[in-house]
Amino acid sequence: VEPNLITFNAIIDCFAKNGDPKGAGVWYARMLERGIRPDVISYATVITAAAKIGDAVQAVAWLQQMLSNGLKPNLICYNS
């Protein structure tokens with residue numbers, strides 16, 4: 001089975017829920033390496049990972065990257 005956006009988002013979410021933003025970032029990068037473009041859920045998940053450990057700087061950096069990639073934040077992004 002080839003991983004797709006949904007499977008990568010699920011893996012990233014596992015790291016986010018465990019308070020491991022570094023691990024979430026690693027899997028985000030692996031997703032990009034496979035040529036899979038992140039969506040709003042991908043970004044909301046890495047933003048949540050950073051916010052969960054109180055890293056507001058990193059959370060804002062993810063938000064800015066999302067905006068620069070032309071994606072519009074949703075309520076989940078802002079509530080992270």
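Predicted model: local features only at pLDDT ≥ 70, side-chain atom pairs only at ≥ 80, totals over all residues.
**Exercise 1. The length and end of helix 4**

Task: What distance does helix 4 reach from its first C-alpha to its last, and which residue with a positive phi follows helix 4?

Solution. 
Step 1. Helix 4 has 13 residues, and at 1.5 Å a residue the expected span is 18 Å.
Step 2. From the first C-alpha to the last, helix 4 reaches 18 Å, close to that expectation.
Step 3. After helix 4 comes Gly70, with a positive phi near 80 degrees.
Step 4. The loop between helix 4 and helix 5 (75-79) contains Pro73. Pro73 has a relative accessible area of 15%, so Pro73 is buried.

**Exercise 2. Helix 2 and its partners**

Task: Which residues of helix 2 are buried, and against which helices do they pack?

Solution. 
Step 1. Gly23, Ala24, Tyr28 and Met31 are the buried residues of helix 2.
Step 2. Around the axis these residues cover an arc of only 145 degrees, which puts them on the same side of helix 2.
Step 3. The exposed residues Lys22 and Glu33 are on the face of helix 2 turned away from the buried side.
Step 4. The packing partners of the buried residues of helix 2 are helix 1, helix 3 and helix 4.

**Exercise 3. The nonpolar core**

Task: How many residues does the largest nonpolar core have, and which helix gives the most to this core?

Solution. 
Step 1. The largest nonpolar core has 15 residues. Those with the most contacts inside it are Ile12, Ala24, Tyr28, Met31, Tyr43, Val46 and Trp62.
Step 2. At least two residues of this core come from each of helix 1, helix 2, helix 3 and helix 4.
Step 3. Helix 3 gives the most, with five residues.
Step 4. Take Val46 as an example: leaving aside neighbours within four places in sequence, Val46 is in contact with Ile12, Ala24, Tyr28 and Trp62.

**Exercise 4. Aromatic rings**

Task: How many aromatic pairs does a search of the whole structure find, and what are the distance and angle for Phe8 and Trp27?

Solution. 
Step 1. The search finds four aromatic pairs.
Step 2. In one of them, Phe8 and Trp27 are 6.1 Å apart centre to centre, with 45 degrees between the planes, and the pair is tilted.
Step 3. Phe8 has 2% relative accessibility and counts as buried, whereas Trp27 has 23% and is partly exposed.
Step 4. Arg30 lies over the face of Trp27, 4.4 Å from the ring centre.
Step 5. One aromatic cluster is formed by Tyr28, Tyr43 and Trp62.

**Exercise 5. Ser42 and Asn9**

Task: Is Ser42 buried or exposed, and which residues does Asn9 contact?

Solution. 
Step 1. Ser42 is part of helix 3 (residues 40-52). The relative accessible area of Ser42 is 0%, so Ser42 is buried.
Step 2. Not counting residues up to four places away in sequence, Ser42 touches Leu5, Asn9 and Met31.
Step 3. Asn9 lies in helix 1 and, at 9% relative accessibility, counts as buried.
Step 4. Leaving aside neighbours within four places in sequence, Asn9 is in contact with Met31, Asp39, Ile41, Ser42 and Thr45.

Conventions. Residues numbered from 1 in each chain as written. Heavy atoms only, no water. Helix = DSSP H or I, 4+ residues; strand = E, 2+ residues; numbered from the N terminus. Buried < 20%, exposed > 50% of the residue type's maximum accessible area, 1.4 Å probe, protein only. Contact = heavy atoms within 4.5 Å. Phe/Tyr/Trp six-rings, centres within 6.5 Å; stacked < 30°, edge-to-face > 60°. Lys NZ or Arg CZ within 6 Å of the ring centre and 35° of its normal. Core = buried A, V, L, I, M, F, W, Y, C linked by side-chain atoms within 4.5 Å. Expected span 1.5 Å × (residues − 1). Arc of directions from axis to C-beta.
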